[in-house]
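Please read the points with the sequence and the structure side by side.

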Amino acid sequence: MKTKKLAGQMGIMEYMLMTVFIMVIIVMLVFFFSGWQISQTQMQGSRVKSENLLSNLKNVMYSPLFIRDDSMFDDAKLTALQGKCEKVKEVLGADVFIEVKTLEKVAEIPCDPHRYDINCNYWSICRRDAPHSALVMPVNVYRNMGNVLASGILGRVDLAIVKVGVYESQ
Amino acid sequence: MVSAFQVFKMLFGLIISGFVLYFLVFYAGSYSQTQTESQQVIILKNFEDLAKDVYYTGNPSPFGDFKRVEFSMLSLEIREPEGNAQVVADIGKVTLTVPLFFRPGDELFIDRATMDLGWWEFHVAEAMPETKVILNPMEVGPESWSYMKEAVRMMPSSIGFEPKVTFGLCDGDVIVEDFLGLCGPSSDPCEKEYFLRISRPDTGMSRCTAQLPEGYILATIARDCSNVQSGACFEPPSVGTGNAHIAGSTKTYLYHDAMDWVALIIGGSRSDIYGFAGENLWRHKNKMFGTEVGLAAEMMAERARMLATAIEDEVNRGGLLPDSQSADCKQLYLDLGTVLDVITDALSLDDYHTAFASVRQLNEKLAEAEAMHNGLVNKGCEPIT
Amino acid sequence: MRANKGQTTLVMIVIIIIIFAGIIMFLLNLAGTVSQKEYMNMYSHNMLLSILRTDTGYLDSKCQTMSDTLACAFLEPSWVCEGSGMRCKDLAEGLLASYTGKLEATKKNYLYLFTVEPTGGLVVRDPETGEQMVIQVGNMDPSAKGDIITANERIVKGGNILKVQLKLTSAQ
């Protein structure tokens, strides 16, 4: 008799325990799933950010504002565009900056925005000291007056690096 | 006989199942909503990426992602004051940094149109669904016909792709789409390259009164644009400029190049909360042209002057002979720089495209700059593009 | 028996949750690598193209660009490039090492292997060793396996074809 009573109570207790356990698991699943969605969204955000960086890089490398041919920058165009950051932003988008440096010398010799100089090797457009993300890419720079001979002027193609970046939103 | 314990188990099981089911349905419902919105965002992003890719590379491509998810709204808004195109959907907007002529549809064909200015090329990406562009040239003077052909040349070329953008003519209540012998071996609607072979007729056509089905857009060329049934209507050009109208709108739009025609034709007389699509595309094209070509002119002018000065310095230094071919480039660069300065100033005005005098002067200077650039190329000072 | 059945169920639930979590983490990990691969692909193709297009600084038409010099190294290896005092082959190897070295300095975590060899039935013997000539420059082990991006180009000169290959990988 006593065993039967206890068996019934044990059965009910087991059910209650199972129910509590299932509830705990469901709540855990809800938290886990929400947490996963949040991290997916964050990951999507950071993937979009890196895709945007790549997109900006491609835009610059194909834009006739800067290049003479695919991935070949024109030194005179780069020089002329320095100091025109506000207008470049209207075309490329806000918060984008560009740096180009040829690799024949290690030292950075900035180019004067108002004068053509065959000896300078560094151009920067919209560059400022602020947190940013950037990508680099090997490219060429066409030096319009790369070889000056008595009989005429020949261009020269130098190896260079382009860095295209986006400033972090404040 | 069912015991109390068994009844308890059944009731308990029902309650728990009901709770779990409710929770699952609720969560699944809200998750599916999030999933739809995420998919819409991804599709808009893909569209933006593809449009930019077509713009930069010139390689056309179809885009069918819009049919994967139901969009209750898909339109184009022009963001002021920059003039950038914004594709607006239920989930939000995506702003494009490149010029885009957009006509909504489930399946689109994206191509690039180019206006060659010699020293610069102005590109526009064009995204259109399956469309039949029906032209109604009531005026067929040489300048009108040439403008019409130039506008068709700037429209998408869908040979080998789907969906198709094809062309036809309308004369009264007759629509002619298959020009036997001109549009390929079978009597299919004319694709761009075949349509361009059509010769100018001796007399103009009658006003189009044919009922145009879905997917047809009408472009009329006439002296009197007052009773146009749909689409855009262009008054014949005079010295490269003229007035255009949109059916249903009382405004007049000044055009100064064939790309203005393309913008008004592709946008047409569709209207939504953002206004007439043709008007929006016309404003967008001129805004982007002003910004991009204005910057390009300013940059190329400075580039030309710098190179001219550098050449002079080399001559003075003795590094370059004064009678060499390269030395001759100096004056050509200086002349080009001067003309480009005028173009920069003209395009710096927000409303440069709304006054006859300013667009006529702009067209004149653009033609001059193109001729000077050709001179530089012929001299070997600039590369052949 | 009933107690054991309850416990078994509980253990099964926990195992399913763990498997589920594992799948999620695997998928999350996979998604992150797509954008990186596209960038590396673009980097390798651009590195190859820009090196080949670079001017050597000499105006001799056989050694004007890097691709001209490489072609000369295989087709006329003993040609002395005007202004350099060096044979094509030596100039090509020296410049290739210099250019790749400069790019290596800007992207220190990348390993690369630049290989140039004749193809299409063309046989070129190294004048010093007598063996089939191959120019190879890089800091990657040629026998390396794993996630390697490959970019290919061809140099065509007078009907002869040279295969130029750049292999790139990220240093672990």
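Predicted model: local features only at pLDDT ≥ 70, side-chain atom pairs only at ≥ 80, totals over all residues.

1. A residue counts as buried if 20 or more other C-beta atoms lie within 10 Å of its own. By this cut-off, 10 of the 10 residues of helix α4 (residues 258-267) of chain B are buried, so the helix is largely enclosed by the rest of the structure. Among them are Trp261(B), Val262(B), Leu264(B) and Ile265(B), as well as the charged residue Asp260(B). Gly268(B) follows α4(B) and has a positive phi, near 65 degrees.

2. For chain B the pLDDT averages 89, and 97% of the residues score at least 70. Within chain B, the element with the lowest mean pLDDT (81) is helix α1 (residues 4-57), while strand β13 (residues 232-234) has the highest (97).

3. Strand β3 (residues 96-102) of chain A deserves attention. Six of its seven residues are buried, so this strand is largely enclosed by the rest of the structure. β3(A) pairs with β6(A) in the antiparallel sense over seven bridges, and Phe97(A) has Gly165(A) of β6(A) as its bridge partner. β3(A) is also joined by four bridges to strand β4 (residues 122-125) of chain A, again in an antiparallel arrangement. There, Ile98(A) is partnered with Ile125(A) of β4(A).

4. How many residues does each chain give to the contact between chain A and chain B? Chain A provides 32 residues and chain B provides 30. On the side of chain A, the elements that give two or more residues are α1 (2-62), α2 (75-81), α3 (85-92), β5 (132-149) and β6 (152-167). The largest share, nine residues, comes from α1(A). By class, this side of chain A has 15 nonpolar, 10 polar and seven charged residues.

5. Chain C also touches chain A: 26 residues of chain C are in contact with 24 residues of chain A. On the side of chain C, two or more residues come from each of α1 (2-31), α2 (33-53) and α4 (88-106). The largest share, 11 residues, belongs to α2(C). The residues on this side of chain C divide into 14 nonpolar, seven polar and five charged.

6. Finally, the division of chain C should be noted. Chain C consists of domain 1 (1-31) and domain 2 (37-170). The centres of these two domains, taken over C-alpha atoms, are separated by 54 Å.

Note on methods:
Residues numbered from 1 in each chain as written. Chains lettered and ligands numbered in written order. Domains from an automatic or database assignment. pLDDT = per-residue confidence, 0-100. Contact = placed C-beta atoms within 7 Å. Buried ≥ 20, exposed ≤ 12 C-beta atoms within 10 Å, placed from the backbone. Pairing = 2+ DSSP bridges.
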